[in-house]
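This report describes one protein chain from its coordinates.

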Amino acid sequence: MTRIRFGRSQAVPARLSARFAGLPCGAPTLTPGVCLPEGPYEGWDKALSTVTGVAELSGNERIAVVVGAGLAGAQCVLKLRQGGWRGRIVLVGEEPHAPYDRPPLSKDVLLGKADATTLDVDYDALGVELLLGRRATGLAPGTLHTDAGDLPYDALVIATGAVPRALPGAERAHLLHTLDDALALRALLRPGRRLVLVGAGWIGAEVATAARQAGCEVTVVEAGRAPLPGALPAEIGRAMAPWYAEAGIDLRCGVGVEAVEPGSVRLADGSHLPADEVVVGIGARPATGWLAGSGVELDASGAIVVDGRLRTGVPGVLAAGDCVSYPSARSGARLAVQHWDHALHSGGAAAAALLGEDAAPYDPVPYFWSEQFGRMVQYAGRHAEGDELLWRGSPEDGSWSVLWLRGGVPSALLAVDRPRDLAQGRKLIERGAALDPALAADPAVALKGATV
Ligand SMILES: Cc1cc2nc3c(=O)[nH]c(=O)nc-3n(C[C@H](O)[C@H](O)[C@H](O)COP(=O)(O)OP(=O)(O)OC[C@H]3O[C@@H](n4cnc5c(N)ncnc54)[C@H](O)[C@@H]3O)c2cc1C
C-alpha cells in the first residue's frame with residue numbers, strides 16, 4: 001500500500017490514516033449515539049420511519065451508504081465513524097480498487113515513480129464495509145439499486161465524482177481518469193512514439209510533461225486561443241504557452257480536432273497530424289446519469305444540486321466531491337469544483353452534516369494545484385469577469401503570480417512557483433482583507449504586507 005503524498009504546501013492531513021487508523025467500530029472513544037441532522041428538511045425523521053421503517057432502531061442498526069469509492073467517499077466514511085456513527089457504514093464503488101488518490105496518476109504514475117496510490121486507510125479497523133466492483137444504477141427512497149442487487153440505507157451520501165469528456169467519434173483515443181487508464185497509458189509512452197494530446201488544460205499539460213520525459217514526440221491541440229481557455233484569461237494562458245515550446249512540444253492553439261483517424265488526427269483546418277496515440281483531456285462531467293428519475297435534482301451540467309450542508313432535496317440523501325454544485329456565499333454563485341481539496345473537505349462536511357454537527361455552511365476558498373513542465377502552479381479562490389487583474393512579477397522571471405481584486409479585496413490568486421504567495425493569498429481571500437494594489441503588485445512585498 002502506497003503512502004499518499006497530499007497536495008504540496010497545503011494544510012491538509014499528511015495521511016488520512018494518521019487521523020483515523022485503528023478506530024474500531026463502536027470503540028468507547030467514539031461519541032455515543034447517532035444524531036439526525038437539523039435543518040430545513042422537514043420529514044427527514046419521517047422519511048427514515050416511513051420509508052425504511054427503522055426510526056425506532058438504535059444507532060447501531062442504522063445504515064449509512066456512501067456511493068463512490070473515491071477521495072470524497074473515503075473521507076466521508078472516515079469522518080462518519082470518527083464522528084460517532086455507530087451503525088453500519090457501507091462504501092460502494094464501481095472500480096475494483098480500494099479508494100486511491102487521482103492527482104498522482106498524471107504525475108508520478110505516468111512518470112513511472114509509482115504503481116499504486118491507494119489511500120492508507122484500514123477499513124476493517126474502522127468497521128467500514130467495502131463493496132467494490134459494484135455500480136449504483138438507481139435510487140428509490142431508502143434503497144440504492146446496484147448491478148448486484150439492492151442495498152437499503154437510512155442515510156446516503158453520493159460521491160460518484162466526474163468522468164472525462166470524450167471526443168465524439170474518437171473511440172480509439174485514450175482518456176485519463178482511473179489507475180488502470182494511467183498504467184495502460186504509461187505502457188504506451190515510449191521514445192519516438194508520436195502522441196497527440198487534445199486539450200491544453202491542466203491534465204493535458206501534465207500528460208504532455210510525462211510524455212516528453214518518456215521521450216515521445218508530443219503535439220498538443222487546443223481549440224482555444226491559449227492554454228487553459230476555460231480556466232484562465234487568454235493573457236495568462238499565453239504566458240504559459242512558451243512552457244510547451246521549451247519542453248519540445250508543438251502547441252497548436254485556435255484549431256479544433258475534426259476526427260481521430262487510424263494513425264492520425266484530422267484538424268478543423270483540414271491538416272493531418274500523424275499520431276501513434278491520442279489522449280483527450282477536455283474536462284469532465286459529473287457521473288450522475290444513474291440518478292435519472294430518482295428525484296435528486298441535477299443542474300444543466302449534471303451536477304447534483306445541494307444546499308450549504310451538502311444535502312440534496314431528497315430526505316436522507318447528501319452528496320460530496322466532484323459531482324456536486326453547492327451555494328457559495330463567498331463567491332456569490334453556485335460552484336461545481338472538480339479538485340482534490342474540495343473532494344477531501346466536502347466528503348468530511350457531508351459526514352458532519354449527517355451527524356448533525358453544528359458546522360458553518362460548506363464554503364471554503366477553492367484551491368488546486370498542478371505540476372507541469374517542472375513548475376508548481378497553484379490557484380486559490382474564484383475570479384470573475386470584471387475583477388481587477390494584477391501581475392506580481394513577470395513570466396520572464398520564471399516565478400510569478402496573478403492576483404484578482406474585487407473592490408480592492410482579493411477574489412483569487414494564481415501562483416507559479418511562488419508557494420508563499422499562494423499561502424498568504426489564500427488566507428487574505430478567506431479573511432476578505434483589502435489590499436493596496438500598488439503594494440500587492442510588487443513581487444518584492446510579501447502579500448500579507450500589502451493589506452490596508
Ligand atoms: C489524472 C488526474 C489528475 C488530477 N490532478 C489533480 C491535481 O493535481 N490537483 C487537484 O486539485 N485535483 C486533481 N485532480 C482532480 C481530483 O483528483 C478530483 O477532484 C478528486 O479525485 C475527486 O474526488 P471524488 O471522490 O469526488 O471523485 P472520484 O475521485 O472521481 O471518485 C468517484 C468514484 O465513484 C465511482 N463511481 C462513479 N459512478 C459510480 C456508480 N454509479 N456506482 C458506483 N461507483 C461509481 C468512480 O468509479 C470513482 O471511483 C486530478 C484528477 C485526475 C483524474
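## Backbone and packing report

D417 is partly exposed, with 17 other C-beta atoms within 10 Å. The classes are set by counting other C-beta atoms, placed from the backbone, within 10 Å of a residue's own: 20 or more is buried, 12 or fewer is exposed, and anything in between is partly exposed. The model is a predicted one, in which local features need pLDDT of at least 70 and side-chain atom pairs count only at pLDDT 80 or more, while totals for chains, interfaces and linings use all residues. Residue numbers start from 1 along each chain as its sequence is written.

The protein chain has ten helices and 25 strands. These are DSSP runs numbered from the N terminus, with helices being H or I of at least four residues and strands being E of at least two. Of the 452 residues in the protein chain, 43% are buried. Two residues are in contact if their C-beta atoms, placed from the backbone, lie within 7 Å. Among contacts between residues at least 6 apart in sequence, 63% join residues at least 24 apart.

**Residues with positive phi**

Most residues other than glycine have a negative phi.

| Residue | Phi | Loop |
|---|---|---|
| L228 | about 55 degrees | between β10 and α7 |

L228 is buried, with 23 other C-beta atoms within 10 Å. A positive phi, near 70 degrees, is also found at G432, which follows α9.

Five strands make an open sheet in the order β21-β22-β25-β24-β23, with antiparallel pairing. Its edge strands, β21 (367-372) and β23 (388-392), each pair on one side only. From one strand to the next the twist averages 15 degrees, where axes are lines fitted to C-alpha atoms, for helices over the stretch in contact, and angles run from 0 to 180 degrees between N-to-C directions. Pairing requires that DSSP finds at least two bridges between two strands. Seven bridges link β24 (residues 400-406) with β25 (residues 409-416), and V402 stands opposite L414 in β25.

The buried residues of α9 are D421, L422, Q424, G425, R426, L428 and I429. Their cover includes β21, β22 (375-381), β23, β24 and β25. The 13 residues of α9 should span 18 Å at 1.5 Å a residue, and the end C-alpha atoms are 18 Å apart, which agrees; the expected span is 1.5 Å times one less than the number of residues.

**A parallel pair**

Strands β10 (residues 217-222) and β11 (residues 250-253) run parallel and are joined by four bridges. V220 stands opposite L251 in β11.

**Helix α5**

In α5 (residues 179-188), the buried residues are L179, A182 and L185. They lie on the same side of α5 because they cover an arc of only 130 degrees around the axis, the arc being that of the directions from the helix axis to the C-beta atoms. These buried residues pack against β15 (277-280). D180, A184 and A187, on the other side of α5, are exposed.
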